[in-house]
Amino acid sequence: MTFLRALKAVAVLVVLLILQLELFASIRFFGVMPEMMLGAAVASGWHGGPTDGAILGFVSGFLVDLYLASPLGLSALTYALIGYLIGIISELIAEDVERIVRTVISLVGIVLGLVTFVLFGELIAEPNLYNKNFGKILVVGGLYTGLFIPLLHFLMEWVFHQGNYRNNQISMTRVQRN
Amino acid sequence: MAVPQRSSGSRFTLAILLLTSVTLISLDARGYEPLANLRKATTAIIQPFRNIASTVFDPIADAWESLSEGDSLEKENALLREQLSELLEYRVTTEGAVEELAALRTQLDLENLGGQKTIVAEITARSVSNFDPYIIEIGKGTQSGIREGMAVVSVGGLIGRIEDPGLRSSRVRLITDPNVNVGVLAVGTNEIGILNGGGVGQPLKVSDGIPVSTDVEIGSIMVTSGSERSPYPGGFAVGTILEIIVDEINLEKELVVAPTGQLENLEFVTVILYQPTASDSGGDR
């Protein structure tokens, strides 16, 4: 990851973090807020590949951890894994994949991230993360975050593929990765 | 479909990141001081941006809240008024417990909280997670004398305790959290029980410490015990007994308690600047 990309990525993540803390924490559906930072980890995995996905996932999780009562590093662990996983999936599928496929994969990634977060939390550090609201959080949180998937992909496209915006080559093209 | 070769570099990066995460979790669980300082420093850097964002987004959040919760607030208000009048009627007609009413009045008087120094703090954020609804953030921290574990009250009584205070902001863990323990006793008795949260919107529970012989009644006020090992000063109202369940096996009474402190729609809270002496702390959590 170049210095410029890293700078852009940090800027995007901080903006998303502030949006999550100051706006979306108050705008809840059925008491559930969107997981913007997890969504960012998923989108970064898609556009940046496994390595950059894991790194940005780790950073976004760490930023979230700063504001949670759960142990520092729990979200970082989860988001890094999800970013890596989505990075691998994005390498395995065709580059001109339909938007709907990308959206579905992102949604699955977000739900998987929520499940993994609770699973790791229960196993490693923080009991009581799993509660009777878990199903609701999974469904509503997943769908609510899903609304912002296009925005998150747009932002991560900006981070990773600045040059590809020219000549209307906006949407699906990912940079060549080794 | 061609499967691209993944370099071992990505696996190595992931392994390093996972190791770092686990190390962070481990150090944080041990209360490693530099890590706590790192957390405070980073949040302090981001805080000015949050303040700006808060000014912009607060009206939107307020509008959303009034749209989405208007009906439920009206219903809740009506229900609370009904419960309050029932309780007041019950207390006046059946108990005539002047002493209890006086104690209650004392608890409601937020200007004079048992002679303890207090500080009023604005609530700056609700829970910022889907998985931990028992946290609120306030806009005062160690700079204002706030320390870990201090009691936080709102109109009506105790609502939580300070957790991880920063320089200019702190988190408050609410007493509805099932992991929170508070030593309490019913006004007029000397038996100390342990009160636990019951979850969001659920009553509190005292499931330990009240012998079956203790004379407690529905409607009695539970107050903080102020015992030697408690971080909370004694005599602060915590809740009203809603139900008494007798456990005949353990010869104890389990109490279902409605919190008296206002937990919803709060704008400000009061922090009691009370710290037990070092030898006293370590009891309630």
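Let's start in chain B, where strand β8 (residues 204-208) and strand β11 (residues 252-259) run antiparallel to each other and pair over three bridges. Within that pairing, B:K205 has B:V256 as its bridge partner in β11(B). Keep in mind that this is a predicted model.

Now for where the chains meet. On the chain B side, 44 residues are in contact with 41 residues of chain A. Helices α1 (8-29) and α2 (33-95) of chain B each supply at least two residues of the side touching chain A, and α2(B) gives the most, with 14 residues.

One helix pair is worth a look. Helix α2 (residues 36-65) of chain A packs against α1(B) at an angle of about 15°, and the axes are 8 Å apart. Because angles under 35 degrees count as roughly parallel, α2(A) is roughly parallel to α1(B). The crossing of α2(A) past α1(B) is left-handed. From α2(A), the residues A:P50, A:T51, A:A54, A:I55 and A:F58 meet B:G9, B:S10, B:T13, B:L14, B:L17 and B:S21 of α1(B).

Here is the make-up by class:

| Contact of α2(A) with α1(B) | six residues | five residues | no residues |

So what charged residues does the contact of α2(A) with α1(B) have? By class, that contact has no charged residues.

Methods
Residues numbered from 1 in each chain as written. Chains lettered and ligands numbered in written order. Predicted model: local features only at pLDDT ≥ 70, side-chain atom pairs only at ≥ 80, totals over all residues. Contact = placed C-beta atoms within 7 Å. Helix = DSSP H or I, 4+ residues; strand = E, 2+ residues; numbered from the N terminus. Pairing = 2+ DSSP bridges. Axes fitted to C-alpha atoms, helices over the stretch in contact; angles between N-to-C directions. Parallel < 35°, antiparallel > 145°, perpendicular 65-115°, else oblique. Left-handed = near helix turned anticlockwise from the far one by under 90°. Nonpolar A, V, L, I, M, F, W, Y, C, P; charged D, E, K, R; others polar.
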